[in-house]
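Thanks for coming. I will take one model today and go through it element by element. Please have the viewer open.

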Amino acid sequence: MATKIRLARGGSKKRPHYSIVLSDSRMPRDGRFLEKLGTYNPMLAKDDENRVKMDVERIKALLATGAQPTDRVARFLEAAGVLAKKARNNAKSGVPGKQMAERAAKKAAKAAAPAEE
């Protein structure tokens with residue numbers, strides 16, 4: 001059976017709370033799971049120690065037996081020092097396109113012209 005370590009969403013609308021769970025990869029996100037391994041509360045501050053709580057020893061044992069973490073859980077494990085950091089491809093979706101860059105250049109030139117006079 002292929003197992004995944006992933007997040008299962010709980011909480012009400014606009015107040016998310018996640019459980020870090022071990023589940024069969026064929027089960028739905030919030031469906032049946034095999035074991036609860038921790039919690040993640042994104043509503044807390046990033047430097048709060050209660051934001052991510054995990055049973056690190058149990059997770060290490062599960063990873064050794066072949067469980068695969070999802071991307072978000074892998075990031076938590078990297079921060080905890082369980083997994084080695086891996087390079088990720090940052091998409092350039094935030095970089096403006098060619099036409100928008102041209103418009104921005106024209107706008108900057110227009111703003112700089114009156115200041116020179």
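I will start with the model's provenance, then take the sheet, the helices and the salt bridges.

This is a predicted model, so local features need pLDDT of at least 70 and side-chain atom pairs count only at pLDDT 80 or more, while totals for chains, interfaces and linings use all residues. Residues are numbered from 1 along each chain as its sequence is written, and side-chain values use heavy atoms, with hydrogens and water left out.

On confidence: pLDDT is the predictor's confidence in each residue, from 0 to 100. The protein has a mean of 89, and 97% of its residues reach 70 or more. Helices here are DSSP runs of H or I with at least four residues, strands are runs of E with at least two, and both are numbered from the N terminus.

Now the sheet. Two strands pair if DSSP finds at least two bridges between them. Five strands make an open sheet in the order β4-β3-β2-β1-β5, with mixed pairing. The edges are β4 (52-54) and β5 (68-69); each has a single partner strand, so one side of each is left without a neighbour in the sheet.

Strand β1 (residues 3-12) runs antiparallel to β2, joined by ten bridges. T3 is found opposite D24 of β2. The two strands form a hairpin with two residues between them, and K14 in that turn has a positive phi of about 65°.

On to the other neighbour of β2. Strand β3 (residues 35-40) pairs with β2 over five bridges, also in the antiparallel sense. Within that pairing, L22 has E35 as its bridge partner, and Y18 has Y40.

How buried is strand β2? Buried means under 20% relative accessible area, exposed means over 50%, and partly exposed is in between, with a 1.4 Å probe and protein chains only. Eight of the ten residues of β2 (residues 15-24) are buried, so the strand is largely enclosed by the rest of the structure.

Next, the helices on the sheet. Contact means heavy atoms within 4.5 Å. Axes are lines fitted to C-alpha atoms, for helices over the stretch in contact, and angles run from 0 to 180 degrees between N-to-C directions. Helix α1 lies across β1, β2, β3, β4 and β5, at about 125° to β3. Helix α2 packs on the sheet as well, touching β1, β2, β3, β4 and β5, and its direction makes about 100° with that of β1. A79 sits in α2 (residues 71-80) and is exposed, at 70% relative accessibility. Its C-alpha atom is 38 Å from that of A104, 25 residues apart along the chain.

Last, salt bridges, where a side-chain nitrogen of Lys or Arg is within 4 Å of a carboxyl oxygen of Asp or Glu. The whole structure has four.

One of them joins R58 and E35, with the closest N and O atoms 2.9 Å apart. R58 belongs to helix α1 (residues 56-64) and E35 to strand β3, so this pair ties together parts that are 23 residues apart in sequence. Both count as partly exposed, R58 at 32% and E35 at 23%.

Another links R26 and D24, at 2.8 Å from N to O. Here R26 is exposed at 65%, whereas D24 is buried at 8%.

R29 and D30 also meet in a salt bridge, at 2.9 Å. R29 is partly exposed at 46%, and D30 is partly exposed at 42%.
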